[in-house]
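User: I would like to go through this structure and ask, for several of its labels, what they rest on.

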Amino acid sequence: LHTCIKDDITVGIYLNRSNKVYKPLPVDFGDVRGHVEMPRSVSPANAPPEVMIRSVWTSYNDFSNEIFTPLIPVGGVIVFDIFKFGELFPQPMKDWTVRQIFDMEKTLTSITYPDAKYLLVGQTVAHLQVYFKLPEYLYILDTDSLKVALWDPKTKMWSIEGIEEVKFDKVRRLLEYRTVKLGPMAYVIDRCTDYPYKSWYLRCIAPDKALLDIVTKRTTFVFEITLGQVRLIEKTDPELAHIVNKSYPPGLLLYLLLQSGINLMPTNEDAQLCGCLLYTSPSPRDLSTSRMPSSA
């Protein structure tokens, strides 16, 4: 296992250089954010055992950042790729050890999953077992609905189709699930997870200071508002320790909360998803018409 660990990106590469047997990586994969276990349908019985599995996690979302989607990826996006080696293993020939040298395209080729050529006749597609270590700052309650989605480049949407048995170990921050497809995957929340708000309360406590209470569908947030700055206060959840009692510009604080899985930035398009009526201001013409006396 070869790894590269950074704050916003982690890369893990598992190499099976044996030409005899495929060995799945154990669950304990250290600091690498994720790993996928290949089923036996793509192991030695009917596929080359010389494989490489690469997992790449990024803290940012590069797929739907500027697209309105009903599901929002939080906690980063993870991408798995499976490759097989060419004929890299040396062959003894008399007093020589011979190995053929290929160009890079033939040395390492991508294995799509599911791939029909690696399936036996009449065999169904086996599920891949995926382990995804979520960041410590991701806010998940015991009552939350756990969802993992796969990015569909055709529809440009996050889809939960084909992903089953989602489990979350809160102590180890380990998300475990099964999927029949590979591609960019993420833990997702519904856009309306925290709104419509149940209530809100705004009051001044000093000439240049106010408090705003927002009661959402899941919990309560208290914000201290000053000139150009906002602080999240009175919150003891460990997932939010990195932003509590710190002053930020309003937009930055809302962005950091979204990274933690708390969406407090509703858009007009969210009204329909929430089942809310969207208020539209009357035009000047409508106002003038409403003031005209009615004819007898």
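User: Why does Arg173 count as buried?

Analyst: This is a predicted model, and in it Arg173 has a relative accessibility of 8%; because buried means under 20%, Arg173 counts as buried.

User: Where is Arg173 found, and which residues does Arg173 touch?

Analyst: Arg173 is found in the loop between S12 and S13. Leaving aside residues up to four places away in sequence, Arg173 touches Phe132, Lys133, Leu134, Pro135, Glu136, Leu138, Phe168 and Glu239. The C-alpha atoms of Arg173 and Leu134 are separated by 5.4 Å, although these residues are 39 residues apart along the chain.

User: What makes the pair of Arg173 and Pro135 a polar contact?

Analyst: A polar atom of the Arg173 side chain lies 2.9 Å from the backbone oxygen of Pro135; the cut-off is within 3.5 Å, so the pair qualifies on distance.

User: What makes S2 and S4 count as paired strands?

Analyst: Pairing requires at least two bridges, and seven bridges join S2 to S4, so the two strands, which run antiparallel, are paired. Within S4, Trp57 is the bridge partner of Thr10, and Thr10 belongs to the covered face of S2 together with Gly12 and Tyr14.

User: Which residues touch the most other members of the largest nonpolar core?

Analyst: In that core of 30 residues, they are Leu134, Leu175, Tyr177, Leu182 and Tyr187. Among the strands that each supply at least two residues are S4 and S13, while S5 gives the most, with five residues.

Methods. Residues numbered from 1 in each chain as written. Predicted model: local features only at pLDDT ≥ 70, side-chain atom pairs only at ≥ 80, totals over all residues. Heavy atoms only, no water. Core = buried A, V, L, I, M, F, W, Y, C linked by side-chain atoms within 4.5 Å. Buried < 20%, exposed > 50% of the residue type's maximum accessible area, 1.4 Å probe, protein only. Helix = DSSP H or I, 4+ residues; strand = E, 2+ residues; numbered from the N terminus. Contact = heavy atoms within 4.5 Å. Polar contact = N/O pair within 3.5 Å; in protein donor to acceptor, adjacent residues only side chain to side chain.
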